[in-house]
Amino acid sequence: MRLAEKVIIAASPALIWPWLADPARWLEWHPKLRQLENPKPGLLVKGDQVIAHFALGQQTRRMEGMVDLATPARELRLQWSLNRPGHR
């Protein structure tokens with residue numbers, strides 16, 4: 001399954017980056033994010049892991065994300081996997 005979302009923000013990448021690259025701030029703006037598990041303080045870098053709970057339909061799902069690319073004020077890319085009970 002592939003989920004993708006695109007948002008256009010009328011602000012410079014440098015202004016947006018602190019909110020985008022700091023998982024602790026995601027709860028301030030991401031409407032589907034319900035919880036983060038032990039977020040790493042500060043900005044994400046390649047190789048960091050994020051565990052988050054997102055509202056998907058009528059359920060909240062635990063997802064594990066790995067940062068594939070983190071180019072400040074340019075691009076942040078995470079690969080997410082759905083963590084289902086009994087599956088790893």
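At 38% relative accessibility, what does Arg77 count as?

Analyst: Arg77 counts as partly exposed, because its relative accessibility is 38%. The classes are set by relative accessible area: buried means under 20%, exposed means over 50%, and partly exposed lies in between (1.4 Å probe, protein chains only).

A word on the basis comes before the rest. This is a predicted model, in which local features need pLDDT of at least 70 and side-chain atom pairs count only at pLDDT 80 or more, while totals for chains, interfaces and linings use all residues. Residues are numbered from 1 along each chain as its sequence is written, and side-chain values use heavy atoms, with hydrogens and water left out.

The side chain of Arg77 meets that of Glu75 in a salt bridge, at 2.9 Å from N to O. The term stands for a side-chain nitrogen of Lys or Arg within 4 Å of a carboxyl oxygen of Asp or Glu. Glu75 also counts as partly exposed, since its relative accessibility is 32%.

Strand E4 covers residues 75-82; strands (E, at least two residues) and helices (H or I, at least four) are DSSP runs, numbered from the N terminus. The sheet is open and has four strands in the order E1-E2-E3-E4, with antiparallel pairing. Two strands pair if DSSP finds at least two bridges between them. E4 and E1 are the edge strands, each with a single partner strand, so one side of each has no neighbour in the sheet. From one strand to the next, the twist averages 35°; the axes behind such angles are lines fitted to C-alpha atoms (for helices, over the stretch in contact), and the angles run from 0 to 180 degrees between N-to-C directions.

E4 is joined to strand E3 (residues 59-71) by eight bridges, and the two run antiparallel. Within this pairing, Leu76 in E4 stands opposite Ala70. The hairpin of E3 and E4 has three residues between the strands, and Ala73 takes a positive phi near 60° there. Ala73 is not a glycine. With a relative accessible area of 31%, Ala73 is partly exposed.

Leu33 has Phe54 in E2 as its bridge partner. The loop between E1 and E2 holds Asn38, another non-glycine residue with a positive phi, here about 40°. Asn38 counts as exposed because its relative accessibility is 75%.

Glu37 is partly exposed, given its relative accessibility of 26%. Another salt bridge is formed by the side chains of Arg25 and Glu28, at 3.7 Å from N to O. Of these two residues, Arg25 counts as partly exposed at 24% relative accessibility, and Glu28 counts as exposed at 56%.
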